[in-house]
Amino acid sequence: MASGQFCETSAEAVQAQFEFVRRGPSPILASIVTELIGFRELVPVYVRQTEAASLDVPLVISFGEPFSIGLSRAPGDNDRFDSFAAGIHAGPAVIDSFGRSCCIQVNFTPLGARRFFSLPMSELADRMVPFDEVLGAAGRQLRERLGQEADWHRRLDILEGYIIERLAKMPAVSSEISWALEKIMASGGRSRISSIATEIGWSRKHLASRFADQVGVGPKAIARIIRFNRAANLAKQPNRTGWADLAAECGYADQAHMVRDFRELAGATPTGLG
């Protein structure tokens with residue numbers, strides 16, 4: 001933690017005190033990466049943010065002070081992380097920063113992460129894994145190279161080039177899991193998992209096992225996160241329907257079911273999240 005006294009405030013209240021660069025990936029990485037972000041805090045202000053569950057798999061490369069991160073809880077004294085990869089977590093991430101953070105973050109798709117890291121994604125699910133453990137010596141060299149570059153856009157160019165070069169050496173992901181994931185996403189999380197397994201010719205148990213390897217969590221958990229994110233996005237629309245109608249539209253049993261998922265996946269109610 002940086003020296004001085006800090007008070008909790010919102011990210012929006014200190015937005016002008018950040019350097020923030022965000023861009024989409026090159027077309028060649030469209031199915032691998034969702035976005036790349038450069039971030040630096042300029043003043044010693046304590047900020048707590050809560051990120052709802054999503055399908056993004058982040059890789060964070062830090063050049064500054066670590067973040068404190070807790071999964072589905074407030075972070076403790078031992079929850080400090082600088083450079084790391086994090087898998088899918090079916091719950092909110094609570095992130096504290098203290099005014100001296102500086103990092104690059106690349107958000108991978110689930111299957112993009114599986115191919116890039118070439119690891120069973122169950123090894124990343126529900127945890128933050130140190131950078132050196134996922135990328136080794138090549139990762140350390142990348143971090144040093146990025147740290148020597150001052151321009152954010154040049155940094156992101158270097159990182160994209162590294163991702164493209166690494167992917168060329170990695171095997172493709174499972175075509176069956178890719179198809180199943182696309183089907184779940186297209187349905188807004190409402191597809192029947194048993195029907196998907198039958199169409200592939202697998203048992204539900206085998207489908208869940210392959211999802212754990214390729215995605216990190218089972219298809220039912222993925223469908224739940226997709227359904228929640230659809231509901232959260234629709235809830236923010238100015239002309240949205242009532243809560244009961246929204247719950248029905250998104251495939252929840254009832255409004256109470258939707259509220260329970262919001263609490264568990266975002267740490268907030270539908271109205272509180274907006």
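Colleague: What should I know about the model before we start?

Modeller: It is predicted, so local features need pLDDT of at least 70 and side-chain atom pairs count only at pLDDT 80 or more, while totals for chains, interfaces and linings use all residues. Residues are numbered from 1 along each chain as its sequence is written, and side-chain values use heavy atoms, with hydrogens and water left out.

Colleague: What makes β3 and β8 a pair of strands?

Modeller: Strands are DSSP runs of E with at least two residues, numbered from the N terminus, as helices are (H or I, at least four residues). Two strands pair if DSSP finds at least two bridges between them; five bridges join β3 to β8 (residues 93-97), so the pair meets that definition, and the two run antiparallel. Within this pair, Arg48 stands opposite Asp96 in β8.

Colleague: Why are β3 and β6 said to stand at the edges?

Modeller: The open sheet has four strands in the order β3-β8-β5-β6, with antiparallel pairing. β3 (47-51) and β6 (80-81) each have a single partner strand, so one side of each is left without a neighbour in the sheet.

Colleague: Why is Ser72 called partly exposed?

Modeller: Buried means under 20% relative accessible area and exposed over 50%, with partly exposed in between (1.4 Å probe, protein chains only); Ser72 has 43% relative accessibility, and therefore counts as partly exposed. Ser72 lies in the loop between β5 (67-71) and β6, and its phi is near 60 degrees, a positive value in a residue other than glycine.

Colleague: How do you know that Asp126 is partly exposed?

Modeller: Asp126 has a relative accessible area of 43%, so it is partly exposed. Asp126 is found in the loop between α1 (110-117) and β10 (128-130), and has a positive phi of about 60 degrees although it is not a glycine.
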